[in-house]
Amino acid sequence: MTFSATDAAFEGFRMVRRHPLAMVFWAGLYLLVFAAFFGAFGASLASILASTETMQGTEPSPADLEGLSATYLGLFALVAPLGLVLSAVLNAAVARAVVRPQEKAFGYLRLGMDELRVLAVTVVMAVIFGVGTMILFTLIGICAGLAAVVNVGLAWLVGIVLGLGATAALVWIMARLSLAVPTTVAERRISLFDTFGLTKGHALSLLGMGVIAFIMSILVGMLMGVVALPLTMTTGGIEQLAALEGSSNLDVLSAAWPAIAAFVVVNAIVSALQLAVLYAPFSAAYLGLKGLAQEA
């Protein structure tokens, strides 16, 4: 079996056709998570929407920005750990559906060692990219600052050239590590830097595959948004929460439950479809580069 970036890019659509029940499980999980989010943080979301609406068309004061930032950061600190776990569970499910399709119980959803390994790999990659980006662009800033001593125009040139080079380097590393999750699930071990050997000579193909999959996921979201537009217009949309600033979570749910319900259902379905379209191609690429036949 050979690796075709174009063919692998559309693996998500084939997955939806082969495993429609898995989409139901994934959408159901998203629905539970989104519903729990509104139940726990509906009041905080109303505050954020109200602050954002107030600042539109005006110059926000430092106090406004400080208050909005504090709300965002507080919400992020609470949601981010749960988001990492959810991401690990769903990413492992997508990879499992491609590399071990016979394990189809519960829509390929599990909470075990595969998910822990995927979580570890995800966190390590996030740290690598975060620290790497900080170091690279700090060095670029230093180089541009030194160049500015000679000439301001030269500083701009140095900053742009080095910035483009650093961005290209980060994208290249991302492509070389892009098969870490499917490799980890397929081989039941933490696999990170040894994916460099698997992806050698295929970085551009994998990057192109990822770009196609990303575009397809955006198109899926836009199409579903158009389909759901009548429902959104009927219920008033989630933006109406801005008028409920200062209300309790229970009051927010009571006043805006039709809009919240519509938002949760639509986004659960869209998220499940986008998950398959965006991440399944990397598992198909793993099978292709390993020369393994894909099981039905």
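This is a predicted model: local features need pLDDT of at least 70, side-chain atom pairs count only at pLDDT 80 or more; totals for chains, interfaces and linings use all residues.
Helix α7 spans residues 180-187 and helix α10 spans residues 249-290. The axes of these two helices come within 8 Å and cross at roughly 65 degrees. Because angles of 65 to 115 degrees count as roughly perpendicular, α7 is classed as roughly perpendicular to α10. The crossing of the two helices is right-handed. On the α7 side, the contact is made by P182, T183, A186 and E187; on the α10 side, F282, S283, Y286 and K290 take part. Sorted by class, the contact of α7 with α10 comprises 4 nonpolar, 2 polar and 2 charged residues.

Side chains of opposite charge can pair when their charged atoms come close. In the model, the count of salt bridges comes to 13. Among them is the pair formed by the side chains of R96 and E103, with an N to O distance of 3.7 Å. The two partners fall into separate accessibility classes: R96 has a relative accessibility of 1% and therefore counts as buried, the cut-off for that class being under 20%. E103, with a relative accessible area of 21%, is partly exposed.

E103 also meets R100 in a salt bridge, at 2.9 Å from N to O. R100 has a relative accessibility of 6%, so this residue counts as buried. A further salt bridge connects R100 to D114, and the closest N and O atoms of this pair are 2.6 Å apart. The pair formed by R100 and D114 links distant parts of the chain, the two residues being 14 residues apart. R100 lies in the loop between α4 (62-99) and α5 (113-150), whereas D114 belongs to helix α5. D114 counts as buried because its relative accessibility is 9%, below the 20% limit.

Through shared partners, salt bridges join R96, R100, E103, D114, E115, R117 and R188 into one network.

Note on methods: Residues are numbered from 1 along each chain as its sequence is written. Side-chain values use heavy atoms; hydrogens and water are left out. Axes are lines fitted to C-alpha atoms, for helices over the stretch in contact, and angles run from 0 to 180 degrees between N-to-C directions. Helices (H or I, at least four residues) and strands (E, at least two) are DSSP runs, numbered from the N terminus. Angles under 35 degrees count as roughly parallel, over 145 as roughly antiparallel, 65 to 115 as roughly perpendicular and the rest as oblique. A crossing is left-handed if the near helix is turned anticlockwise from the far one by less than a right angle, and right-handed if clockwise. Contact means heavy atoms within 4.5 Å. Ala, Val, Leu, Ile, Met, Phe, Trp, Tyr, Cys and Pro count as nonpolar, Asp, Glu, Lys and Arg as charged, and the others, Gly among them, as polar. A salt bridge is a side-chain nitrogen of Lys or Arg within 4 Å of a carboxyl oxygen of Asp or Glu. Buried means under 20% relative accessible area, exposed over 50%, partly exposed in between (1.4 Å probe, protein chains only).
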